[in-house]
Amino acid sequence: MYAEFYGLVRPPFEMTPDPAFLYLGETHREGLATLLYGVQAGKGFVLLTGEVGTGKTTLLHALLGQLDASTASAFLFNPRLDALDFFLVLFDELGIEKTCRTKAEYLLALNHFLIERLERNQTTLLIIDEAQNLSPEMLEEVRLLSNLATPTKKLLQIMLVGQPELNAVLARPELRQLRQRIVLRHHLRPFDPQELDEYIAERLALAGYTGKGIFKRSARREIHAVTGGVPRLVNVVCDGALLQGYARDQSVIGPEVIREVATDLGLGAEGASASRPAPGSAAPRRRSWLRRRR
């Protein structure tokens, strides 16, 4: 509706994780590097956490786009399953065409599949999104999958992805064996003000904008204040502000429009709380383990 008014060829702040609109702030670059290193080095368990809307799914799609064609990946985004249903979905994702009736049969078939791929020097990756919803029993089942290994290499690379509550789940005493097998961790933080400026500018440019700027600097500061720098909330507010600006025939958007949109959406406290580091996570500008190694 507002695209032609602002000289855009498409809406710049869609909610879908479109790779064409990928923007990597510092925390996202470090996260992607950590995930890639974990898979390519065969590290076994990797953990990615982040608040709702910080871009975990977008980062996973970016990861899958950078893996070579020989890597087979299974992406499980609904982990509320019992053991047999979990294996059924896993086999479907990996394209394993074998009917199994018991967990033992599933494990034998999976082990055979993974060994064949290892002999061809091919990597197999399991990504479990929303992993904070896994029961301790299912997390233990996932841990047991890491036992599928040769004396020198893990047959299956496993990535647990979820909200910060996942750390609390993994801290349970009965899951200490799984916790000790996680060799790489990364927590996605929201954008800082500079990253938010770059994010908005990049999105507008990719959508075809060639003008001097739609959002005033004060408007961008207000966007950060009401969203806490959470990418999903930034998209919602910016899209609403563009619609509001179009309705009022405003080619440049100021902070008052942002405040109106945020009020209509009930934002404010939510964005502020999202910008605070998760308990036990690194400070916003702390370098990750991987970057320090570099």
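Guide: What follows goes from the overall build to the sheet, then to the salt bridges and a surface patch.

Guide: This is a predicted model, in which local features need pLDDT of at least 70 and side-chain atom pairs count only at pLDDT 80 or more, while totals for chains, interfaces and linings use all residues. Residues are numbered from 1 along each chain as its sequence is written, and side-chain values use heavy atoms, with hydrogens and water left out.

Visitor: Okay, how many helices and strands are there in the chain?
Guide: The protein chain has 13 helices and 5 strands, taken as DSSP runs numbered from the N terminus (H or I of at least four residues for helices, E of at least two for strands). Its C-alpha atoms fill a box of roughly 65 × 40 × 40 Å along the principal axes, and of its 294 residues 49% count as buried, where buried means under 20% relative accessible area, exposed over 50%, and partly exposed in between (1.4 Å probe, protein chains only).

Visitor: And what is the order of the strands in the sheet?
Guide: The order is β2-β3-β4-β1-β5 in an open sheet with parallel pairing, two strands being paired if DSSP finds at least two bridges between them. Because β2 (72-76) and β5 (182-188) each have a single partner strand, they stand at the edges, with one side of each left without a neighbour in the sheet. Neighbouring strands are turned by 15° against each other on average, direction ignored, with axes fitted as lines to C-alpha atoms (for helices over the stretch in contact) and angles running from 0 to 180 degrees between N-to-C directions.

Visitor: What joins β2 to β3?
Guide: The two strands run parallel and are joined by 5 bridges, β3 covering residues 124-128; Phe75 has Ile127 in β3 as its bridge partner. Helix α3 (residues 83-94) packs on the sheet and touches both β2 and β3, its direction making about 140° with that of β2, where a contact means heavy atoms within 4.5 Å.

Visitor: Switching topic, how many salt bridges does the structure hold?
Guide: It holds 9, each being a side-chain nitrogen of Lys or Arg within 4 Å of a carboxyl oxygen of Asp or Glu. One of them pairs Glu140 with Arg143, with the closest N and O atoms 2.5 Å apart.

Visitor: Where do those two sit, and are they buried or exposed?
Guide: Glu140 and Arg143 are 3 residues apart in helix α5 (residues 136-145), which means that about one helical turn separates them. Glu140 counts as partly exposed because its relative accessibility is 24%, whereas Arg143, at 6%, counts as buried.

Visitor: Which salt bridge links distant parts of the chain?
Guide: Glu222 and Arg259 meet through their side chains at 3.5 Å, N to O, and this pair links helix α9 (residues 217-227) to helix α11 (residues 255-265), 37 residues apart. Glu222 counts as buried at 17% relative accessibility, while Arg259 is partly exposed at 41%.

Visitor: Last one, which residues form the nonpolar surface patch?
Guide: Met1, Phe5, Leu243 and Tyr246 form it, with about 410 Å² of accessible area together, by the Shrake-Rupley method with a 1.4 Å probe, only the protein chains shown counting as cover for residues. Patches are made of residues with over 30% relative accessible area and no salt bridge, nonpolar side chains (Val, Leu, Ile, Met, Phe, Trp, Tyr) being joined within 5 Å and like charges within 9 Å. Tyr246 lies in helix α10 (residues 231-247) and counts as partly exposed at 33% relative accessibility.
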